[in-house]
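Thanks for coming, everyone. Please bring the sequence and the model up on your screens, and we'll walk through a few parts of it.

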Amino acid sequence: MGTFDWDLDSGQMFLDTTALEVLDLRPGEFTGTPAGLRVRLAPGEEARLDARVAQALKAGRTHYGAYVRSRDRDGAPGWTHVQGRILRDPRGRPYRIIGILRDAVHDPGEPGAAGERDEGRRRMTGVVERTTAILAHARTVNDVTDVLKDPEALGHLGAVSVMLGVVDGGRIHLVAEGQLGAYVPETEYTRIDAPLPLSEAVRTMRPVFLGSREEFQRRYPDLWPYIEPLSVRSGVYLPLIAQGRPVGALGLLYTREGDFNAEERNVLMALGSGIAQSLQRAILFEQEHDLAEGLQKAMLPRRIPEVAGARIAVRYRAARMGRDIGGDWYDVVPLGEGRVGVMIGDVEGHDTDAAAVMGQLRIALRAYVAEGHTPGMAMERASAFLRDLETERFATCTYADIDLTSGMARMVRAGHLDPVVRRGDGSCHRVQVAGGLPLGLPAREPGEAGAGASGGPGAFGAAGTGYPVTTLELHPGDTLLLCTDGLTERPGGDGDTGLRELMEAVRDGPADVEELADVLCDLVGDSGGGDDMALLLLRRRGTPLPRGGGPLRHRLTPGDPDAPAMARHLIRAAAAAWGAWDVADEIELAADELMTNALVHTDGVGGVSMRLTPEGRIRIEVEDTSSALPRRREADDWAVSGRGLMLVDTLADAWGVEPRGGGKCVWCEFAVPASAPSPPEPGAPGAV
């Protein structure tokens, strides 16, 4: 055994006298460079040795070793073992390699079989390296077992069967058994103190090598009845030790007979070490994911309440990404008087903190809507609440306040996906909901413009909020779908494909919401795709309303002189269309009085809505942002105001006030005659 010293900067290599003798080189024959070794290496060995050195340098390792085929000056074959230590400067740059050259012809093994022995050694070493590299990507215990049970991997190891046991308390849980079998089949769990080789390996933390069938029979009589019918002649049971404690054991069975030499044992121990690290990582990964997923589920509603007039289905799927869970949530809030609030959202991030923030935000938003705040105001307060948490996270959300009696839904959106509606006839479309900023982001300054913060027809909100309200009518049999982006995201970030698949599945899926929810979940599978996914479906029940039964919705903005006139025109036309031509004047006058009160006595943006109730009444609602309740006054003969509510009380069949969180709703109702007269012909008395 000789030594060498290789200066990487100059390329010069020094071999001592013994190293020259190992390679059968005379002092004058060596050129002083690595190329001078070429004359004593078999074809192809120089390239393999260079690759081994380059790999060690690139990987930042401090040592490398290799067996290479060599030949003496007469051409006789031999084997040389090269082992080097890489020296690096403080910056990590390699500058020198020192090491040994050793004649390996007489390494332990069968006499005269040095080439075969080394070929087998290299094969097994390669298997260990490949197996370790593959296991580095294993994220679950199932991933580890799939690698070990692969027939090709077993073939490279020379084994005909493999078994993997995981330590679970004081027992060993058999989680994988491939090919021939050979473990006690009656028990999935065995005690660590059982007289079995897998248990002994765990108990003693030392490998068990069995070189013959006789040894199997003598040492483990309880196992022998299961080994005897098999063509097994030897085996090894390796303890899988990580951080000084056993996490499991690996069993390999062979058809070859004979004991394992020292080098084979070292290779197998190296294999066991790599598997142990991967197994422990997978176990911890699954434990962390289960903990995180349990936290997230605890933050979600424990049950969905039964809501009269609707069928609701929810689904949640967690991505299998260790602690990388998301802050997806859904909720259903009964609001009384035939109304229900449904919401869905997603907190930024994929960790336990995102799940914790989600739970707080869900509860806060639930409280705001349950208190009676309008959708826009509830969303505004939820955004302020998230900012006050100082988590530096934002969240997207969609909330819908649905009157199941009339089918009118008021929706607000904070940077979230648009909802989807499937009509009773099977057609479906996305609902363009006027959007505001995601929750938790700094509020806009007054008057500051923002994309998506303004509504269109059918959209209005409260003054001071950045969340305009969009109205939608859900007819009996219609289904509203809310989801997070985990349902539409696809590998590679192709959201268009996912959205197209979602729309096709909604259109072609079953009408039952539970069955439809299962179909939609199948789009991403049990794993939840690459992200967590939450889904909420609401299908409205009930008898279809007469065609044209509303609702009518119009926005009222202070300072817009045309808004009241347009509202009066629409209300009169709707009253005529709904068979109330003979009381259209009274309806228009009462609505005008309510609108005037809202515009004169409040400062906020409001809206007027009109719909036909199932009881056959026309209902007018005027919303504003003032919490002060109106009161009827008795005006004297010369007063110019104070008669509005007196007129409404006289003209309408019923009227009242409903608090709406940061505002209120003043309403009145008119009975529609059972057989309404036809409108007068143009030019006749009373025609307009």
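Start with T479. Setting aside neighbours within four places in sequence, T479 is in contact with V420, V421, R422, V513, L537, L538 and R539. Contact here means heavy atoms within 4.5 Å. This is a predicted model: local features need pLDDT of at least 70, side-chain atom pairs count only at pLDDT 80 or more, and totals for chains, interfaces and linings use all residues. Residues are numbered from 1 along each chain as its sequence is written, and side-chain values use heavy atoms, with hydrogens and water left out.

Is T479 buried or exposed? Its relative accessibility is 5%, so T479 counts as buried. The cut-offs: buried is under 20% relative accessible area, exposed is over 50%, and partly exposed is in between, with a 1.4 Å probe and protein chains only.

T479 sits in strand β22. Strands and helices are DSSP runs numbered from the N terminus: E of at least two residues for strands, H or I of at least four for helices. How much of β22 is buried? 5 of its 5 residues are, so β22 is largely enclosed by the rest of the structure. Both faces are covered. T479, L481 and C483 are on one side, with L480 and L482 on the other.

Now the sheet. In general, strands of a sheet pair through backbone hydrogen bonds, either parallel or antiparallel. We call two strands paired if DSSP finds at least two bridges between them. Here 5 strands form an open sheet, in the order β12-β23-β22-β17-β18, with antiparallel pairing. The edge strands are β12 (310-317) and β18 (428-430), and each pairs on one side only. From one strand to the next, the twist averages 15°.

Which partners does β22 have? On one flank, β17 (residues 420-422) pairs with β22 (residues 479-483) over 3 bridges, antiparallel. V421 stands opposite L480, and V420 stands opposite L481. On β23, the pairing with β22 is antiparallel over 5 bridges. There, L480 stands opposite L538.

A helix joins in too. α13 (residues 513-521) packs on the sheet and touches β12, β22 and β23 (533-540). Its direction makes about 25° with that of β12. Axes are lines fitted to C-alpha atoms, for helices over the stretch in contact, and angles run from 0 to 180 degrees between N-to-C directions.

Next, helix α2, residues 45-59. Its 15 residues should span 21 Å at 1.5 Å a residue, and its end C-alpha atoms are 21 Å apart, which agrees. The expected span is 1.5 Å times one less than the number of residues. E45, L49, V53 and A56 of α2 are buried. Down the axis, the buried residues fall within an arc of 70°, so they line one face of the helix. That arc is taken from the directions from the helix axis to the C-beta atoms. The buried residues pack against β1 (2-7), β3 (63-71), β4 (77-88) and β5 (94-103). Turned away from that side are the exposed residues A47, K58 and A59. After α2 comes G60, with a positive phi near 80°.

Last, a helix pair. The axes of α10 (residues 352-370) and α11 (residues 375-388) come within 9 Å and cross at roughly 145°. Residues making the contact include V357, L361 and Y368 of α10, and M379, A382 and F385 of α11.
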